[in-house]
Amino acid sequence: GAFLRYMRQPIKQELICKWIDREPPPPPPPPPPGGRKPCSKTFSTMQELVSHVTVEHVGGPEQSSHVCYWEECPREGKPFKAKYKLINHIRVHTGEKPFPCPFPGCGKVFARSENLKIHKRTHTGEKPFKCEFDGCERKFANSSDRKKHSHVHTSDKPYYCKIRGCDKSYTHPSSLRKHMKIHCKSPPPSPPPGSQGYAAAGPPDGPLPPEAD
């Protein structure tokens, strides 16, 4: 299937394991001591690298702690609560994306099954997240888009113009970007000789065009 074709696909560049080996610590484990060198074994395919990290470094069910020791990992030794969460996290370092889109011609691949599930809705048109406000029939493919839409029903306009003297605010960042083009259409006039200049650019003379939230 598509998954096996992806896993067998040769990688042109060398894949290097950056896991830092260390002595087994008492729980909870501290970060790897400074000066330790990473594993640095190289592999020609993603499948080989993933198998190596899983077997040699992550370990089996006997492991009681789930810590990422990849070189320069920003978690700095903070453990995960479950092994599967550590495995999902390691894909950030290895670049593994084992979940391909099954729709012909798409070709997109994902590191997490949840992201693939959301992506597939772009093909199916499924929109399971209905607006929670009474009387609104809008539906969305993911919860984040629904949250952005909810500002339409409230007085909350968190995106405001920062140009001095302009008090416009908007429910969506795209509306603010459209508004900012008004300020950028023409540069402010040069200050008269001997003056201290302008503190900030202001909107041009005349009324602003209608807003589109």
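Predicted model: local features only at pLDDT ≥ 70, side-chain atom pairs only at ≥ 80, totals over all residues.
**The cores**

Start with the largest nonpolar core, which has 18 residues. Which of them touch the most other members? They are Cys17, Trp19, Leu49, Val53 and Trp70. Two helices, helix 2 (46-58) and helix 3 (83-94), each supply at least two residues of this core. Helix 2 gives the most, with five residues.

Leaving aside neighbours within four places in sequence, Val53 is in contact with Cys17, Trp19, Val58, Trp70 and Ile90. Among these partners, Cys17, Trp19 and Trp70 are also listed with Val53 as touching the most other members of the core.

There is also a second, separate core, made of five residues. Its members include Cys161, Cys166, Tyr170 and Leu176.

Now turn to the backbone. Most residues other than glycine have a negative phi. Ser40 has a positive phi, although it is not a glycine. Glu76 also has a positive phi and is not a glycine. Where do they sit, and how open are they to the surroundings? The table puts the two side by side.

| Residue | Phi | Loop | Relative accessibility |
|---|---|---|---|
| Glu76 | about 55° | between helix 2 and helix 3 | 61% |

Glu76 is exposed because its relative accessible area is 61%, and exposed means over 50%.

Definitions and conventions. Residues numbered from 1 in each chain as written. Heavy atoms only, no water. Core = buried A, V, L, I, M, F, W, Y, C linked by side-chain atoms within 4.5 Å. Buried < 20%, exposed > 50% of the residue type's maximum accessible area, 1.4 Å probe, protein only. Helix = DSSP H or I, 4+ residues; strand = E, 2+ residues; numbered from the N terminus. Contact = heavy atoms within 4.5 Å.
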